[in-house]
Amino acid sequence: MCELTQVEATRRVLAGESLLIEGIAGTGKSYFAQQLVQALRAQGKTVAIISKTHTASSRIGGCTADHWVRRHIMNCAATADLLWIDACYHLATTLWSTLSRHGARQSIPLSTTHR
């Protein structure tokens, strides 16, 4: 794992790599992820946005991770090219295990770190 500039991170994500975004609250993690999502969608990629809670998922324009797993993975209908996972450290291990069935597709997990 290494620290990247936003320019380098954007280049890598647009080239198909995954990216873990960490930072303290209010530093623009979600804003940066939204910019990445817009650029990926402009490339014609499909992006699913999930979070653990209803409040967080509605704030970022997604759905809860549990709902997405039940609807898409359990029904073998996971077709998103990229999965943005907000507050990724809040997800239970069993949920991560199920999400891993999504395959080798790209992901952008976000996490708030504490000082």
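Because the model is predicted, local features are reported at pLDDT of at least 70 and side-chain atom pairs at pLDDT 80 or more, whereas totals for chains, interfaces and linings use all residues. Residues are numbered from 1 along each chain as its sequence is written, and side-chain values rest on heavy atoms, with hydrogens and water left out.

Secondary structure was assigned from DSSP runs, with helices (H or I) of at least four residues and strands (E) of at least two, numbered from the N terminus. Two strands are taken as paired if DSSP finds at least two bridges between them. On this basis, 5 strands form an open sheet in the order β1-β5-β4-β2-β3, with parallel pairing. Strands β1 and β3 (63-64) stand at the edges with a single partner strand each, so one side of each is left without a neighbour in the sheet.

Strand β5 (residues 106-112) is joined to β1 (residues 21-23) by 3 bridges in a parallel arrangement, and the partner of Ile 21 in this pairing is Leu 110 of β5. A parallel pairing also links β5 to β4 (residues 82-86), here through 4 bridges, with Leu 82 bridged to Gln 106 of β5. Strand β2 pairs with β4 in the parallel sense over 5 bridges, and Ser 51 has Asp 86 of β4 as its bridge partner.

Burial was classified by relative accessible area (buried under 20%, exposed over 50%, partly exposed in between, with a 1.4 Å probe and protein chains only). Strand β5 is mostly covered, 6 of its 7 residues being buried, and for β2 the corresponding count is 5 of 5 residues. In a regular strand the side chains alternate between the two faces of the sheet. In β2, Val 47, Ile 49 and Ser 51 point one way while Ala 48 and Ile 50 point the other way, and all are buried.

Nonpolar cores were defined as sets of buried Ala, Val, Leu, Ile, Met, Phe, Trp, Tyr and Cys residues joined through side-chain atoms within 4.5 Å. The largest such core has 16 residues, and those with the most contacts inside it are Leu 19, Ile 21, Leu 36, Trp 84 and Ile 108. Two or more residues are supplied to this core by each of α1 (6-14), α2 (29-42), β2 (47-51), β4 and β5, and α2 gives the most, with 5 residues. A second, separate core of 14 residues includes Ala 48, Ala 65, Ile 73 and Ala 78. Leaving aside neighbours within four places in sequence, Leu 19 is in contact (heavy atoms within 4.5 Å) with Leu 4, Ala 9, Val 13, Phe 32, Leu 36, Ser 107, Ile 108 and Pro 109.

For the helix pair, axes are lines fitted to C-alpha atoms over the stretch in contact, and angles run from 0 to 180 degrees between N-to-C directions. The axes of α1 and α2 come within 10 Å and cross at roughly 40°. Their crossing is right-handed, the near helix being turned clockwise from the far one by less than a right angle. The contacts between the helices are made by Gln 6, Ala 9, Thr 10, Val 13 and Leu 14 in α1 and by Phe 32, Leu 36, Ala 39 and Leu 40 in α2.

Leu 40 of helix α2 counts as buried at 0% relative accessibility. Not counting residues up to four places away in sequence, Leu 40 touches Val 13, Leu 14, Lys 45, Val 47, Leu 82 and Gln 106. The C-alpha atoms of Leu 40 and Ala 15 are separated by 9.7 Å, although these residues lie 25 residues apart along the chain.

A search of the whole structure finds 0 disulfides, a disulfide being a pair of cysteine sulfur atoms within 2.5 Å. The sulfur of Cys 63 has its closest cysteine sulfur in Cys 88, at 16 Å, which is too far for a bond. Cys 63 is partly exposed at 22% relative accessibility, whereas Cys 88 is buried, with a relative accessible area of 2%.
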